Amino acid sequence: MILLKDVLVQLRHERGLTQEELASRLYITRQAVSRWETGATEPGIDMIKLIARELDVPVMRLLDMPEHYCQSCGMMFTVPDQHGHEADGTETEDFCRWCYDQGAYTYETTMEEMIEDCAPRMAEHMDWSVDECASLLGAILPTLRRWSSKDA
């Protein structure tokens, strides 16, 4: 996971905050903010969630994420043939084939079940723990189309 150092600097400046002021709001040192902004280090997912809350932006804005990803499970589209299909057979840009096919979701699930199902697979492909992946998914899924239209 990469915190976009330029985005952090930009957001902090837009809000008229110094590194010291942001650090104070996050209960960390100014040096930690400086290291993130120079790219020397990266905060963990829980800190990224706090930063997003303090700067009043979606977590996705702080992550190095591709423009398109599944609006159900959050999977990034990285190779061809990962997209689902509408009822008429056309490919959808919004959902992966594992979540959506023939114009409908392929299975009923809750957001919590989706997180439990996806976090271990995500951890296998990234250098994060299952808990970190679950935490990230817990921040991202509520913003996705499948989940944002429901009362979560």
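Which residues does the UniProt annotation "domain: HTH cro/C1-type" cover? According to that unreviewed entry, residues 8–62; UniProt positions are in the numbering used here, feature names are shortened, and annotations may be inferred rather than shown by experiment. Keep in mind that this is a predicted model, where local features need pLDDT of at least 70 and side-chain atom pairs count only at pLDDT 80 or more, while totals for chains, interfaces and linings use all residues. Residues are numbered from 1 along each chain as its sequence is written, and side-chain values use heavy atoms, with hydrogens and water left out.

**Overall layout**

- The protein chain has 8 helices and 4 strands, taken as DSSP runs numbered from the N terminus (helices: H or I, at least four residues; strands: E, at least two).
- Reading from the N terminus, you get α-α-α-α-α-β-β-β-β-α-α-α.
- Along the principal axes, the C-alpha atoms fill a box of roughly 55 × 30 × 30 Å.
- Of the 152 residues, 39% count as buried (buried is under 20% relative accessible area, exposed over 50%, partly exposed in between, with a 1.4 Å probe and protein chains only).
- Among contacts (heavy atoms within 4.5 Å) with a separation of 6 or more, 46% link residues 24 or more positions apart.
- The chain exposes about 8,800 Å², with carbon and sulfur atoms supplying 49% of that; the areas come from the Shrake-Rupley method with a 1.4 Å probe, and for residues only the protein chains shown count as cover.

**The annotated span and helix 4**

- Residues 8–62 are 71% helix and 0% strand, and the end C-alpha atoms of the span lie 7 Å apart.
- Ala 52 sits in helix 4 (residues 45–55) and is buried, at a relative accessible area of 3%.
- Setting aside neighbours within four places in sequence, Ala 52 touches Val 57, Pro 58, Val 59 and Leu 62.
- Ala 52 and Leu 8 are 44 residues apart in sequence, yet 9.6 Å apart C-alpha to C-alpha.
- Ile 48 is also in helix 4, and counts as buried at 0% relative accessibility.
- From Ile 48 to Glu 132 the sequence gap is 84 residues, while the C-alpha to C-alpha distance is 11 Å.

**Two positive phi values**

- Most residues other than glycine have a negative phi.
- Asp 56 has a positive phi near 55°; this residue is in the loop between helix 4 and helix 5 (59–62) and is exposed at 68% relative accessibility.
- Gln 102 has a positive phi near 55° too; its place is the loop between strand 3 (100–101) and strand 4 (104–105), and it counts as exposed at 61%.

**The largest pocket**

- A pocket here is an open set of points on a 1 Å grid over the protein atoms alone, where a 1.4 Å probe fits, with protein on both sides within 12 Å along at least five of seven lines.
- The largest pocket has a volume of about 540 Å³, that is, the space filled by probe spheres set on the points, which are joined across faces, edges and corners.
- Its lining (residues with an atom within 4 Å of a point) numbers 19 residues, with Met 75, Met 76, Arg 121, Met 122 and His 125 nearest the centre.
- Helix 6 (111–125) and helix 7 (130–140) are the elements that give two or more residues to this lining, and helix 6 gives the most, with 6.
- By class, the lining has 14 nonpolar, 3 polar and 2 charged residues (nonpolar: Ala, Val, Leu, Ile, Met, Phe, Trp, Tyr, Cys and Pro; charged: Asp, Glu, Lys and Arg; polar: the others, Gly among them).
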